[in-house]
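Thank you all for making time this morning.

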Amino acid sequence: MVKKQKRHLKKVIEFIKTENASYREIQKKLKEKFGVEVPKSTISYYKRRKTRTKHLNFDSIICEEWDWLRGLFSADGTKYISEDKYGKHYIVKISLSKKHDTPIATKCINVLKAIGIKPTLITEKNCLRIKVSSKQLFYALNKHPPESLTPAYIAGAIDGDGWIDHNVAIQFGQSAIPELFDKILEFFKEIGISVAVWETKRGYRRMYISYSVLKQSGILNFSIKAQQIKHLSENGGAGEI
């Protein structure tokens with residue numbers, strides 16, 4: 001009985017969204033076709049929801065900004081599909097530290113707004129969650145890295161799962177997506193740069209990326225955390241190595 005009612009409701013909603021007529025005419029047709037009386041305010045609500053499927057404008061940002069966002073999502077993002085009486089919702093979330101990652105959250109929000117998305121920022125204790133409902137973004141972002149990485153992509157991954165080590169380097173660790181760690185290591189090997197890699201007692205792999213390597217590889221140009229090392233060194237920190 002409940003399933004039948006849900007199917008009936010979905011048909012009514014779909015009819016409202018697709019019917020090209022005045023609200024008065026839609027009300028009349030709903031009464032004739034489905035035997036229901038629907039207020040104009042409800043019809044207006046579902047008509048407005050239709051505009052949320054607008055296409056995103058990826059041309060409004062440079063490719064390095066998009067690569068950075070992709071890298072950040074690979075490190076710290078999740079996505080899932082939820083469903084309620086209004087239909088399916090394609091949810092994308094990026095979780096960051098409230099204490100350390102506020103500038104990264106700001107950059108992420110600015111990139112999303114630039115391509116036509118209105119993200120929601122949720123604060124939960126020490127966590128900042130950036131939430132988006134977008135089918136197009138849902139399918140554009142992937143947890144698994146592409147075949148070859150750019151400095152901007154790695155910068156996004158570092159801003160997600162890296163941390164500043166004694167104001168002179170970035171440590172990076174990623175256990176959820178092992179291939180991300182492998183791809184970053186492969187990137188450094190391809191450009192002829194060696195980075196220190198080791199494994200903790202718990203089996204987690206770590207990568208040590210010095211400031212000079214971040215600068216030489218081009219990652220410094222896009223990583224907020226790497227640029228914080230530069231800021232610290234210029235203001236009396238440990239300096240460049």
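Let me begin with a pair of strands: strand 5, covering residues 162-165, and strand 6, covering residues 169-172, run antiparallel to each other and pair over 4 bridges. Please keep in mind throughout that what we are looking at is a predicted model. Within this pairing, Gly162 sits opposite Phe172 of strand 6. The two strands make up a hairpin with 3 residues between them, and in the turn His166 has a positive phi of about 55 degrees.

Asp161 is buried and yet has no salt bridge, the nearest side chain of opposite charge being Lys143, at 6.6 Å. What is Asp161 in contact with, once its neighbours within four places in sequence are left aside? The list consists of Ala75, Asp76, Gln171, Phe172, Gly173 and Gln174, and Phe172, as you will recall, is the residue that stands opposite Gly162.

Turning to the cysteines, a search of the whole structure returns 0 disulfides. In the case of Cys63, the closest cysteine sulfur is that of Cys108, and because the two sulfurs are 18 Å apart, they are too far from each other for a bond. Cys108 is likewise in no disulfide, its nearest cysteine sulfur, in Cys127, being 13 Å away. Cys108 is also buried, with a relative accessible area of 0%.

Finally, the charged pairs, where the count comes to 8 salt bridges; I will go through some of them. One is between Lys10 and Glu83, whose closest N and O atoms are 3.1 Å apart. This pair links distant parts of the chain, since Lys10 is in helix 1, residues 2-18, while Glu83 is in strand 1, residues 77-84, and the two are 73 residues apart. Lys10 is partly exposed at 40% relative accessible area, whereas Glu83, at 51%, counts as exposed.

Another salt bridge joins Glu19 to Lys29, with 2.6 Å between the closest N and O atoms. Here Glu19 lies in the loop between helix 1 and helix 2, and Lys29 lies in helix 2 itself, 10 residues apart. Glu19 counts as buried at 17% relative accessibility, while Lys29, at 33%, is partly exposed.

The last pair I will mention is Lys31 with Glu37, a salt bridge whose closest N and O atoms are 3.4 Å apart. Lys31 is partly exposed at 43% relative accessibility, and Glu37, at 67%, is exposed.

Definitions and conventions. Residues are numbered from 1 along each chain as its sequence is written. This is a predicted model: local features need pLDDT of at least 70, side-chain atom pairs count only at pLDDT 80 or more; totals for chains, interfaces and linings use all residues. Side-chain values use heavy atoms; hydrogens and water are left out. Two strands pair if DSSP finds at least two bridges between them. A disulfide is a pair of cysteine sulfur atoms within 2.5 Å. Buried means under 20% relative accessible area, exposed over 50%, partly exposed in between (1.4 Å probe, protein chains only). Lys and Arg count as positive and Asp and Glu as negative; His and the chain ends are not counted. A salt bridge is a side-chain nitrogen of Lys or Arg within 4 Å of a carboxyl oxygen of Asp or Glu. Contact means heavy atoms within 4.5 Å.
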